[in-house]
Amino acid sequence: MADPTGAQYLTVPQAAEHLNTSVRFVRRLIAERRIAFFRVGRHVRFAVADLDAFVEAGRVEPVTAASVWRDLDGVA
């Protein structure tokens with residue numbers, strides 16, 4: 001489903017597929033209010049941009065030698 005502004009909205013099963021997770025996990029994210037969603041009557045919809053922002057917020061940078069030394073600096 002798309003709106004005139006060009007945003008695309010996904011259902012719970014579509015969001016689970018987009019995130020490569022289970023529907024149960026997506027429903028848990030909704031219940032815990034850990035992800036942005038829209039209510040359309042009784043239905044729940046997700047903007048693709050919100051799903052991508054959720055994934056990006058969980059990004060963890062790899063550990064490098066420089067970051068280890070930087071974190072250890074000042075620890076005695």
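What percentage of the 76 residues in the protein chain do buried residues make up?

## Overview

Buried residues account for 24% of the 76 residues in the protein chain. The model described here is predicted. The protein chain holds four helices and three strands, and read from the N terminus these elements follow the order β-α-α-β-β-α-α.

Of the contacts between residues at least 6 apart in sequence, 43% join residues at least 24 apart.

## Helix α1

Helix α1 spans residues 12–19, and V12, A15, A16 and L19 in this helix are buried. These residues lie on the same side of α1, because they cover an arc of only 100 degrees around the axis. A general rule of helix geometry applies here. An α-helix has 3.6 residues a turn, so residues three or four places apart point the same way.

Which elements cover this side of the helix? The cover over the buried residues of α1 includes β1 (9–10), α2 (23–31), β3 (43–47) and α3 (48–57). Just after α1 comes N20, which has a positive phi of about 60 degrees.

## Packing of α1 and α2

One of the elements covering the buried residues of α1 is α2. The axes of α1 and α2 are 8 Å apart, and the two helices pack at an angle of about 105 degrees. Angles of 65 to 115 degrees count as roughly perpendicular, and α1 and α2 are therefore roughly perpendicular to each other.

On the α1 side, the contact is made by V12, P13, A15, A16 and L19. On the α2 side, V23, V26, R27 and I30 take part.

## The nonpolar core

The largest nonpolar core contains 14 residues. Within this core, the residues with the most contacts are V12, V26, I30, I35, V44, F46 and L51. Two or more residues come from each of α1, α2, β3 and α3. With four residues, α1 gives the most to this core.

What does I30 touch, leaving aside residues up to four places away in sequence? The residues it touches are V12, I35, F37, V44 and F46. I30 also belongs to the α2 side of the contact between α1 and α2, and V12 to the α1 side. Both V12 and I30 are among the residues with the most contacts inside the core.

Note on methods: Residues are numbered from 1 along each chain as its sequence is written. This is a predicted model: local features need pLDDT of at least 70, side-chain atom pairs count only at pLDDT 80 or more; totals for chains, interfaces and linings use all residues. Side-chain values use heavy atoms; hydrogens and water are left out. Buried means under 20% relative accessible area, exposed over 50%, partly exposed in between (1.4 Å probe, protein chains only). The arc is that of the directions from the helix axis to the C-beta atoms. Contact means heavy atoms within 4.5 Å. A nonpolar core is a set of buried Ala, Val, Leu, Ile, Met, Phe, Trp, Tyr and Cys residues joined through side-chain atoms within 4.5 Å. Axes are lines fitted to C-alpha atoms, for helices over the stretch in contact, and angles run from 0 to 180 degrees between N-to-C directions. Angles under 35 degrees count as roughly parallel, over 145 as roughly antiparallel, 65 to 115 as roughly perpendicular and the rest as oblique.
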